[in-house]
Amino acid sequence: MNEIPIVRPAARILLVDEHDRTFLFKGQDPQNKADVFWCPVGGGIELGETPEQAIRREVMEETGLAEFNLGPHIWNREVILSFNGVLLHAKETWFFTRVAHFDVDISGFSDIERATTLDQRWWTLQELFETSDPLTPRKLPELLAPLLEGRFPEKPLNLLNEEPDYSVGMP
């Protein structure tokens with residue numbers, strides 16, 4: 001593994017349906033099969049993209065959902081992590097969006113996404129609180145609860161200095 005992390009800007013989104021269920025993918029690090037985690041839709045921001053453009057592209061590629069109203073920018077998250085043998089400094093912009101429940105279409109997945117995604121599902125808040133599976137971010141249920149009640153931060157919360165987290169998911 002490299003010693004100096006590669007800076008990776010990324011965008012992530014909490015897609016929440018009309019039943020307050022949040023959509024997550026179950027991923028696995030290809031070089032550390034024991035590292036399994038649940039994470040929301042999202043990925044790297046490509047050169048020249050804004051976080052908003054990136055998340056719209058990622059939602060389409062990873063779920064097939066083309067039309068949705070982008071909700072608020074809720075969090076910024078920075079974390080050092082290892083994925084596929086690469087040390088990354090993820091700088092993430094997080095959004096929250098309400099959508100009508102839909103069947104997810106993963107036909108737009110990249111090769112690495114196909115190789116590292118084990119499952120997908122819609123989670124209730126109670127299920128998130130009760131699971132022992134690693135979530136991204138780790139305190140997702142506590143952070144999500146006020147959002148489901150319609151309470152959003154006036155400005156994006158900074159989720160900084162989390163202990164090293166190897167569960168951000170696919171590059």
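Visitor: What makes the contact between the side chains of E49 and R57 a salt bridge?

Guide: Their N and O atoms sit 2.7 Å apart. The cut-off is a Lys or Arg side-chain nitrogen within 4 Å of an Asp or Glu carboxyl oxygen, so the pair qualifies. Bear in mind that this is a predicted model.

Visitor: Why is R57 called buried?

Guide: R57 has 16% relative accessibility.

Visitor: Which residues are joined with E49 and R57 into one network?

Guide: E46, E58 and E61 belong to that network too, linked through salt bridges that share partners.

Visitor: How do you know that R12 and E92 form a salt bridge?

Guide: The closest N and O atoms of R12 and E92 are 3.4 Å apart. With the limit at 4 Å, that pair counts, therefore, as a salt bridge.

Visitor: What does the R12 and E92 pair tie together?

Guide: R12 is in strand 1 (residues 6–16) and E92 is in strand 6 (residues 86–98), so the bridge connects parts 80 residues apart in sequence.

Visitor: Are R12 and E92 buried or exposed?

Guide: R12 comes out at 1% relative accessibility, and E92 at 2%. Buried means under 20%, so that is the label for R12 and E92.

Visitor: And why is E149 called exposed?

Guide: E149 has a relative accessible area of 55%. Exposed means over 50%, so E149 gets that label. E149 also pairs with R151 in a salt bridge, with the closest N and O atoms 2.7 Å apart.

Visitor: How many salt bridges turn up in the whole structure?

Guide: The search finds 11.

Conventions. Residues numbered from 1 in each chain as written. Predicted model: local features only at pLDDT ≥ 70, side-chain atom pairs only at ≥ 80, totals over all residues. Heavy atoms only, no water. Helix = DSSP H or I, 4+ residues; strand = E, 2+ residues; numbered from the N terminus. Buried < 20%, exposed > 50% of the residue type's maximum accessible area, 1.4 Å probe, protein only.
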